[in-house]
Amino acid sequence: MSDPLYAPALLRLAADATGAGRLSPADAEGHAHNLTCGDKVNVTLRLNADGSIAGLAHDTRACVLAQASASILGRFAVGTDAAHLRALRDGVTAMLKGGPAPAAPFADYTALAPAANHRNRHACVLLPLDAVLDALKS
């Protein structure tokens, strides 16, 4: 593929599928569904006493963009809380509008920056974040 949207770094993140699966028992579950394309992400979380994430697993039945985004969260979301993840979602949204990628530890979102040129794919990148935020609101 010559489309920069599907660069090797993005494909590698998706293939890694860090955090794929389901936690049992889990303290919280969240779901997100993209009605436009049918992508679905379900997450299970274990939470620390302060509400921060102690463990995250995702079942991502979606395109490579959502898979890569979920893999980034699977790798780096432990220790974060709802406020940090809302800020991360805002940062990824800004990146998709031409801004900089989020800072470390979420700098791997740089691999998804080419999606900025494909507005119809922005929801795919954000879907795993929405699923985690759905879990944290319960």
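These are my notes on Thr 80 and the helices around it, taken from a predicted model.

**Thr 80**

I started with Thr 80, which lies in the loop joining helix H2 (64–76) to helix H3 (82–96). Buried or exposed, I wondered of Thr 80? Buried: the relative accessible area is 7%, and the cut-off for buried is under 20%. I then followed the side chain of Thr 80 and found that it reaches the backbone oxygen of Ala 77 at 2.5 Å. Leaving out residues up to four places away in sequence, I listed Ser 52, Ile 53, Leu 85 and Phe 106 as what Thr 80 touches.

**H2**

Next I checked the length of H2.

**H3 against H4**

Last, I took the H3 and H4 pair. Their axes are 10 Å apart and the packing angle is about 170°. Angles over 145 degrees count as roughly antiparallel, so that is how H3 and H4 run relative to each other. By class, I noted eleven nonpolar, two polar and three charged residues in the contact of H3 with H4. On the H3 side I picked out Leu 85, Arg 86 and Arg 89, among others; the H4 side includes His 122, Leu 126 and Asp 130. Leu 85 had already turned up in my list for Thr 80.

Note on methods: Residues are numbered from 1 along each chain as its sequence is written. This is a predicted model: local features need pLDDT of at least 70, side-chain atom pairs count only at pLDDT 80 or more; totals for chains, interfaces and linings use all residues. Side-chain values use heavy atoms; hydrogens and water are left out. Helices (H or I, at least four residues) and strands (E, at least two) are DSSP runs, numbered from the N terminus. Buried means under 20% relative accessible area, exposed over 50%, partly exposed in between (1.4 Å probe, protein chains only). A polar contact is a pair of N or O atoms within 3.5 Å; within protein, one must be able to donate a hydrogen and the other to accept it, and residues adjacent in sequence count only if both atoms are side-chain atoms. Contact means heavy atoms within 4.5 Å. Axes are lines fitted to C-alpha atoms, for helices over the stretch in contact, and angles run from 0 to 180 degrees between N-to-C directions. Angles under 35 degrees count as roughly parallel, over 145 as roughly antiparallel, 65 to 115 as roughly perpendicular and the rest as oblique. Ala, Val, Leu, Ile, Met, Phe, Trp, Tyr, Cys and Pro count as nonpolar, Asp, Glu, Lys and Arg as charged, and the others, Gly among them, as polar.
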